[in-house]
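Here's a quick briefing on some spots worth a look while you have the model open.

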Amino acid sequence: YDILNLQIYFEWRSIMTIPNFKEKLQKYAELIVKIGVNVQPNQPVVLYINVEQQELAHLIVKEAYAAGASEVIVKWSDTFTSRQFLEFANQERLENIPDYLVKEAEYIADNKAARISVISEDPDAFNGLDHNRVSTFQKANGKALNVVRKATQNNDLSWTVVGAAGVKWAEKVFPDLKGDAAVDKLWEEIFKTTRIDQEDPIAAWKKHDETLRTKADWLNKEQFKALHYTSPITDITVGLPKNHIWEGAGSYNAAGIEFMANMPTEEVFTAPDARHIDGYVGSTKPLSYAGNIIENMHFEFENGKVTKVTADKGQNILEELIKTDDGATSLGEVSLVPDPSPISQSGITFFNTLFDENASNHMALGAAYPFSIQGGTKMSDEELKEHGINISQTHVDFMMGSADMDIDGIKEDGTVIPIFRNGDWA
């Protein structure tokens, strides 16, 4: 009876609110499968998605099998259940991940399953919980499931992260709207930023991929020794390792199959030299992390390490984050996003890194992607460290770009070349 009512509700909503909602959602599912992870015949697929997004989940499953998937494993999540677990599970369980989950992670990595993560949860989902309990579980989970994390960071398999409009998230983004009105508005923005509102979204993404690749190609040719970021709240120099690689929208897995790790995306990115980061940087957008909002962060770096960190809101959570491991005190990613990007110009703060990072230059605390340096995916952790590539269990992006940010590239001989002026490509 409840399932029937849910089906009737979605049918009513698609007819009465967003024009052609079902058609757009179908296109979105097709885009996720064909461009996001580019499912290949006889490939397993893993879908991580909230129970609130059943309609989209069913469309993705259908499209994945149509593309030839050998199986589609759906990993349902539920915010209420997760919060209850983090609040009441005994300490031993928080510290120890069951073997069956470890085995599942090994299965996903060994079989090069395509991983689809659909983000729709409440940015404040875990607000008020004991941050020590949340941190304990995240550390244990990250360590136990390291095999699939490494496979993802190495691009051994295809993976993508996309958004879906959840009620609590939508109401956070659009506080003047409630319920269906907020959800519909968020869906409209998701469809716009992922090019679903265009006549041929797949063709539009291929063109966008080519545009970003030209920027990455130029940066790869220049091979800057360091980047110098300046704005009213930032003055930081970030070293870049020798033979670093900038990537645009599309990536390639170990089999040479292209996929789109993030949709939307407006960035080109690479790994910094984690040994050579000096100066200070301030955040320009809120960060949603571990079910909490962190605002107005300020980091000071010396010789590649955070020496001081403050935040107007969520400082205790931020301090726990950088205690995750030694690598969490340094950077693993630097990304360039022009302020005139569509997401930035929308003026919307999404309280979701997937969207907000594509409105702003950003950096990431924690792990670097090994593919960001030539031969990196074949290096051991120790070899990566020797090249300045950061190793960590965590990878958390924070936004630090603005319309008044300048970025210079510093060559090996000291030559300075403008990259960004006033928040846009120079």
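Setting aside neighbours within four places in sequence, Asn-390 is in contact with Ala-274, Gly-327, Ser-330, Leu-331, Gly-332, Gly-366, Ala-367 and Ala-368. Keep in mind that this is a predicted model.

- You'll find Asn-390 in the loop between helix H15 (381-386) and strand S16 (395-399).
- Asn-390 has a relative accessible area of 7%, which is under the 20% cut-off, so this residue counts as buried.
- A polar atom of the Asn-390 side chain sits 2.7 Å from the backbone oxygen of Gly-366, and Gly-366 is also one of the residues on the contact list of Asn-390.

**H6 with H8**

- Two packed helices are described by the angle between their axes and the distance between the axes.
- For helix H6 (residues 99-110) and helix H8 (residues 146-153), the axes come within 7 Å and cross at roughly 25°.
- Angles under 35 degrees count as roughly parallel, so H6 and H8 are roughly parallel to each other.
- The H6 and H8 crossing is left-handed.
- On the H6 side the contact is made by Ala-105, Glu-106, Ile-108 and Ala-109, and on the H8 side by Val-147, Val-148 and Ala-151.
- Sorted by class, the contact of H6 with H8 has six nonpolar residues, no polar ones and one charged.

**More on H8**

- Which residues of H8 are buried? They are Val-148, Arg-149, Ala-151, Thr-152 and Gln-153.
- What do the buried residues of H8 pack against? Their partners are H6, strand S3 (114-119), helix H7 (131-144) and strand S4 (159-163).

**H2 with H10**

- Helix H2 (residues 21-36) packs with helix H10 (residues 179-193) at an angle of about 45°, and the axes are 11 Å apart.
- That angle makes H2 and H10 oblique to each other.
- H2 and H10 cross in a left-handed way.
- Phe-21, Lys-24, Leu-25 and Tyr-28 of H2 make the contact with Trp-187, Ile-190 and Phe-191 of H10.
- The contact of H2 with H10 divides into six nonpolar, no polar and one charged residues.

**H4 with H7**

- The axes of helix H4 (residues 79-88) and H7 come within 9 Å, crossing at roughly 105°.
- An angle of 65 to 115 degrees counts as roughly perpendicular, so that is how H4 and H7 are arranged.
- H4 brings Phe-85, Leu-86, Glu-87 and Phe-88 to the contact, while H7 brings Arg-133, Val-134 and Phe-137.
- By class, the contact of H4 with H7 has five nonpolar, no polar and two charged residues.

- Most residues other than glycine have a negative phi, and most peptide bonds are trans.
- Asn-155 isn't a glycine, yet has a positive phi of about 60°.
- Where is Asn-155? Asn-155 lies in the loop between H8 and S4, just after H8.
- Asn-155 is buried, with a relative accessible area of 2%.
- Gln-223 also isn't a glycine and has a positive phi, of about 50°.
- Gln-223 is in the loop between helix H11 (201-222) and strand S5 (226-231).
- Gln-223 is partly exposed, with a relative accessible area of 29%.
- Met-263 and Pro-264 are joined by a cis peptide bond, with omega about 10°.
- Pro-264 has its place in the loop between strand S8 (258-260) and strand S9 (268-270).

**Arg-421**

- Arg-421 lies in strand S18 (residues 416-421).
- Arg-421 is partly exposed, with a relative accessible area of 33%.
- Not counting residues up to four places away in sequence, Arg-421 touches Met-405, Asp-406, Ile-407, Asp-408 and Ala-426.
- Arg-421 and Trp-76 are 345 residues apart along the chain, and their C-alpha atoms are separated by 44 Å.

Terms used: Residues are numbered from 1 along each chain as its sequence is written. This is a predicted model: local features need pLDDT of at least 70, side-chain atom pairs count only at pLDDT 80 or more; totals for chains, interfaces and linings use all residues. Side-chain values use heavy atoms; hydrogens and water are left out. Axes are lines fitted to C-alpha atoms, for helices over the stretch in contact, and angles run from 0 to 180 degrees between N-to-C directions. Helices (H or I, at least four residues) and strands (E, at least two) are DSSP runs, numbered from the N terminus. Angles under 35 degrees count as roughly parallel, over 145 as roughly antiparallel, 65 to 115 as roughly perpendicular and the rest as oblique. A crossing is left-handed if the near helix is turned anticlockwise from the far one by less than a right angle, and right-handed if clockwise. Contact means heavy atoms within 4.5 Å. Ala, Val, Leu, Ile, Met, Phe, Trp, Tyr, Cys and Pro count as nonpolar, Asp, Glu, Lys and Arg as charged, and the others, Gly among them, as polar. Buried means under 20% relative accessible area, exposed over 50%, partly exposed in between (1.4 Å probe, protein chains only). A polar contact is a pair of N or O atoms within 3.5 Å; within protein, one must be able to donate a hydrogen and the other to accept it, and residues adjacent in sequence count only if both atoms are side-chain atoms.
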